[in-house]
Amino acid sequence: MGLSLKDKEFVVSQLSERLASAQAVLFAEYVGTRATMTTALRKNARESGVYLKVIRNSLVRRAIRGTSFDILSDKISGALIYAIGEDPISAAKVLYNFSSVAQQTFVLRGGSVSGRYVDPDGVKMLATLPSREDLLARLAGTMQAPIAQFVRVVHEIPSKFVRVLSAVRDLKESSVS
């Protein structure tokens, strides 16, 4: 039984809300994938903050019309599962990791990241990049390194002074005895 017009409008509006804050829409063909494996994929997506859904292609076309993801309109065909995320790397990792487990039945088809089309090789490249959190941690470490080095240098000056005074004291004590 098909969806009523009211249900279709609800799906399109819900999807439009997700797309408003998304930076990536990636999709894959999932024909023949076992339900237990798909359940694991959904759980992994949920934990990664990725919205994963099987939606009719016609409803997706309506939802992306007029957005930066409109370039996908002519690429959408077949039985697709969509990964929508604010972090493109997380969405790519979820689909790519699953595609390496279910190689025969789950095929990456591409997507759009920040208004640009990404082919399956581009999705693989994104998936191999470090996550946003990892990149921010690296940036913080890089920014912190000069400050930490400065603190060590500033701390070393009084330490050297104390060691010199201690050496002078020891020298005077040894010369007196």
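**Helix packing and a buried glycine**

Visitor: How do H4 and H5 pack, at what angle and how far apart are their axes?

Guide: Helix H4 (residues 88–101) and helix H5 (residues 120–128) pack at about 110°, with axes 8 Å apart. Axes are lines fitted to C-alpha atoms, for helices over the stretch in contact, and angles run from 0 to 180 degrees between N-to-C directions. Helices (H or I, at least four residues) and strands (E, at least two) are DSSP runs, numbered from the N terminus. This is a predicted model: local features need pLDDT of at least 70, side-chain atom pairs count only at pLDDT 80 or more, and totals for chains, interfaces and linings use all residues. Residues are numbered from 1 along each chain as its sequence is written, and side-chain values use heavy atoms, without hydrogens and water.

Visitor: Which residues meet there?

Guide: From H4, Ile89, Ala92, Lys93 and Tyr96 meet Val123, Lys124, Leu126 and Ala127 of H5. Contact means heavy atoms within 4.5 Å.

Visitor: Switching to H1. Which residues are buried?

Guide: Val12, Leu15 and Leu19. Buried means under 20% relative accessible area, exposed over 50%, partly exposed in between (1.4 Å probe, protein chains only).

Visitor: And what do the buried residues of H1 pack against?

Guide: Strand S1 (24–29), strand S2 (51–53), helix H3 (57–64) and strand S3 (80–85). The face turned away from the buried side of H1 carries exposed Lys6, Phe10, Glu17 and Ala20.

Visitor: Is Gly85 buried or exposed?

Guide: Gly85 has 4% relative accessibility, so it counts as buried. Gly85 is in strand S3.

Visitor: What does Gly85 touch, not counting residues up to four places away in sequence?

Guide: Ala22, Gln23 and Ala24.
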